[in-house]
Amino acid sequence: MSLRVHILRTYSAQIISVITAFLCSMMAARMLGRYGQGELALYNNFLMLSVLLFSIGLPAAIVHFIASGKFQKNKLGGVLLRVMMFACLGFIILAGIVFSISNTISILPELIHTHGYWLIVIGIHLLCTMAIGFLQAILQAESEFKKSAYIIVCGSLLLCLVYATYYFQWIPVSVEPLPFIIITLCSIAALQLMVCLLMVSRVNKDYLQFTKVQWVDISPLLWFASLAFATNFIQFLSYKMDIWFVHHFHGEAETGIYALAVSLAQMLWLLPSAVQSVIYTYISSQNDKALSIEKTISTTKQIAVYAIVAGIAGGLLSVYLVPYLFGFEFNESAKIIQILLIGIIPFCLSMPISAYFAATHKVTINLHSAIIGFVICLLADIILIPTYGILGAAIASVLSYISTLLYLLIRFKLESKGHPKYYR
């Protein structure tokens, strides 16, 4: 099937996901208010950080090595089982560290600090999310984008339905909003995991074997994964560490306002990130450099048109829609969204370019771009957030996005210099 068809299918699935994500954000904000939204942001940050740490970059490595035929499918199950066991032990250690420093800096919601048994829920949520990431990577490597999209869309629709049940009180529920949302997220992740397992078993049951593997078999996979992990981890800090800075200096209410603005603004890159997965798989599976450059450029141009149109429309509408849909206590989020979009609109262009570098064994270029963005964001956060709060955090993010994109554009221009026919 052609790259264009895969991209169109991915776009259609992600459009549904974006709409449902927007509706879920609206209902969650209405249920939680500014303070609860800030607590939920801390939970999501900690979960995403844990997933990144313990997945060790394997999803990207799985796509590349399976799509290019460099790794035996029947050996992958054994590798993933060992990683999941490592994650269980690692999470216990991480939770202990987090609780030991909670008096100095809090990176978890007060609910979890007060009732430690909620760590079990986070642990289950972590393992389910990790496993989903691995299985989705297998589906992408097999070019089963339709199945992958089906899982995402069904999960999004189910989440939206459950939120609506609570929000509109169709069924009386006595649970407080934050615990209800966390339990719902965890439960739907568990359901998605079961569907993922079913889909992968239908594609190829070899993936679910647990064959013994030797170090010589997995060392190239882990080396590639380590570079992807370093890049993703640094990028995560660049995009998410401002939540912790804002919470530390300005409290839950400001964190809630900023977290909502970030989640809404970053919806703009959900479509480009989905296309990034498609083009990454495509380039990984073939060796024609000129064609890879051509596809990357054409995809980047298409994303540029989408990002400019959707970004400008979203920025203008946010002034009216945010207070009306999310509540007037989130008024300030609209201004933050407009500032963030100054960086997010151009940053969307970086996604197919970073996919090209990752798929052509130049992951270190993505790593260098992530380091540049991280350093700039960290310095700007330290300087701006204590004094200017969420406005400073938004400006720091914009500087990080633009600097990352500029570096990638320069490196891609140098990369495509030998192919003037395709570089316009």
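Visitor: Leaving aside its neighbours within four places in sequence, which residues is Tyr258 in contact with?
Guide: Contact means heavy atoms within 4.5 Å. With neighbours within four places in sequence set aside, Tyr258 is in contact with Asp242, Ile243, Val246, Ile336, Leu340, Ile390, Ala393, Ala394 and Ser397. A caveat: this is a predicted model, where local features need pLDDT of at least 70 and side-chain atom pairs count only at pLDDT 80 or more, while totals for chains, interfaces and linings use all residues. Residues are numbered from 1 along each chain as its sequence is written, and side-chain values use heavy atoms, with hydrogens and water left out.

Visitor: Which residues touch the most other members of the largest nonpolar core?
Guide: A nonpolar core is a set of buried Ala, Val, Leu, Ile, Met, Phe, Trp, Tyr and Cys residues joined through side-chain atoms within 4.5 Å. Buried means under 20% relative accessible area, exposed over 50%, and partly exposed in between (1.4 Å probe, protein chains only). Here the largest core has 140 residues, and Tyr163 and Tyr258 touch the most other members. Helix 8 (residues 215-265) gives this core its largest share, 21 residues. Helices are DSSP runs of H or I, at least four residues, numbered from the N terminus.

Visitor: Is Ile279 buried or exposed?
Guide: Ile279 sits in helix 9 (residues 270-284) and is buried, because its relative accessible area is 0%. Ile279 and Ile353 are 74 residues apart in sequence but 9.5 Å apart in space, C-alpha to C-alpha.

Visitor: And where is Val175?
Guide: Val175 is in the loop between helix 6 and helix 7; with a relative accessible area of 34%, Val175 counts as partly exposed.

Technical notes: Helix = DSSP H or I, 4+ residues; strand = E, 2+ residues; numbered from the N terminus.
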